[in-house]
2 protein chains.
Amino acid sequence: MNDSDQQRHKPLTTLDRPRELIVACPQFRSGVNLSRIVRTASCCGVERMVVSGRAKVDPEIARDGAERVRLEVHRSLGPALKKLRGEGYKLVGLEQTSNAQCLYEFRFPQRAVLVLGHERQGISDELLALLDLVVEIPVYGLPYSHNVATAAAMAMYEYCRQYPRG
Amino acid sequence: MNDSDQQRHKPLTTLDRPRELIVACPQFRSGVNLSRIVRTASCCGVERMVVSGRAKVDPEIARDGAERVRLEVHRSLGPALKKLRGEGYKLVGLEQTSNAQCLYEFRFPQRAVLVLGHERQGISDELLALLDLVVEIPVYGLPYSHNVATAAAMAMYEYCRQYPRG
């Protein structure tokens, strides 16, 4: 039996240095997915997101993340990702591809951009060609793939696990 | 540069044995959260969920999970959890508590029930007292806690990482 007291909203875990993880999103079909990713990013200590197209964040879903995470909106992601690579970021795509590494064994570069794909089309061929690395999450049951915000949460969790203090 | 081809909806990763992970949910405020958890569970190979109260799953969100995951609906979770413990399952709560272990260092029992909390109230004191173990996910930024379906996804991911073949 367990003898524990609930402590909702514990003090936050502090980072020794700012997170060097950036999350990049294409224009999703659903603003709900973007908003969920913004909340998760905020909870993971991520400070920046790079977003393409309309970037309408619902504060009911993103909560404080809507104000805490800086969204840099671009017409298209390619040039923004190239610029980040020039600043030393590794571009890590989250996608099922022919040569993707399994997230279970993947070691994240500390300075990384997590590049997400569109709900239906995934990461475009044009963006895939820009990436330094591709990771995927094993899927054991239908519908063959996780929702994009769910997959993003798993990848952000894995990054935080590897860099618990930033 | 990356030379990879997209392979959306790759063949599923197979398990050597059925998943011994069960997910338990209180009656959530939101059927969206329950439906998201059902999809994630299905993708993680989880076959059973134990759910309290109304358990309305939206197949638009849960997708194939709505048919693939068996939802066992109970008036309250306590008796169902006690029964599972009698069958050798360890009851693992996902909650911020005074003595919760960090998910990063936690070793899941293979035969486990992941017990989730209500969006606002978390896991009730009555259920907390039943648990064998409590784990929590470090939170680095506002709003102090992950959405329940997001936290559930991170915990299911961690379980699958530890038991990649079931």
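Here are some questions and answers on the symmetry, the contact, the sheet, a helix and a few backbone features.

User: By what turn can chain A be laid on chain B?
Analyst: Happy to start there, with the reminder that this is a predicted model. The superposition gives an RMSD of 0.0 Å with a shift of 0.0 Å along the axis. That is the relation of a two-fold axis, and the turn is 180 degrees.

User: Which residue of chain A has its C-alpha nearest the axis?
Analyst: The axis in question is the one about which chain A is turned by 180 degrees to lie on chain B. In chain A, the nearest C-alpha is 2.6 Å from the axis, and it belongs to Met154(A).

User: Which helix of chain A gives the largest share of the side that touches chain B?
Analyst: The contact draws 53 residues from chain A and 53 residues from chain B. Helix 1 (31-43) and helix 6 (148-162) of chain A each supply at least two residues of that side of chain A. The residues on this side of chain A comprise 23 nonpolar, 19 polar and 11 charged. The largest share, 6 residues, comes from helix 6 of chain A.

User: Which strands are at the edges of the sheet in chain A?
Analyst: Chain A has an open sheet of 7 strands in the order 3-2-1-6-4-7-5, with parallel pairing. An edge strand pairs on one side only, and that holds for strand 3 (70-74) and strand 5 (101-102) of chain A.

User: What is the bridge partner of Val92(A)?
Analyst: Strand 4 (residues 90-94) and strand 6 (residues 112-115) of chain A run parallel and are joined by 4 bridges. In strand 6 of chain A, the partner of Val92(A) is Leu114(A).

User: Why are the buried residues of helix 4 of chain B on the same side?
Analyst: Good one to check on the model! The buried residues of helix 4 (residues 77-86) of chain B are Leu77(B), Leu81(B) and Leu84(B). An α-helix has 3.6 residues a turn, so residues three or four places apart point the same way. On the other side of helix 4 of chain B, Pro79(B), Lys82(B), Lys83(B) and Gly86(B) are exposed.

User: Is Arg63(A) buried or exposed?
Analyst: Arg63(A) lies in the loop between helix 2 (59-62) and helix 3 (65-68) of chain A. Its phi is positive, about 50 degrees, although Arg63(A) is not a glycine. The cut-off for burial is 20 or more other C-beta atoms within 10 Å. Arg63(A) has 20 of them, so it is buried.

User: What is the omega of the peptide bond from Leu142(A) to Pro143(A)?
Analyst: Most residues other than glycine have a negative phi, and most peptide bonds are trans. Pro143(A) is in the loop between strand 7 (133-136) and helix 6 of chain A. In chain B, the bond from Leu142(B) to Pro143(B) is cis, with omega near 5 degrees. The bond from Leu142(A) to Pro143(A) is cis too, with omega near 10 degrees.

Note on methods:
Residues numbered from 1 in each chain as written. Chains lettered and ligands numbered in written order. Predicted model: local features only at pLDDT ≥ 70, side-chain atom pairs only at ≥ 80, totals over all residues. Least-squares fit on C-alpha atoms with pLDDT ≥ 70 in both. Contact = placed C-beta atoms within 7 Å. Nonpolar A, V, L, I, M, F, W, Y, C, P; charged D, E, K, R; others polar. Buried ≥ 20, exposed ≤ 12 C-beta atoms within 10 Å, placed from the backbone. Pairing = 2+ DSSP bridges.
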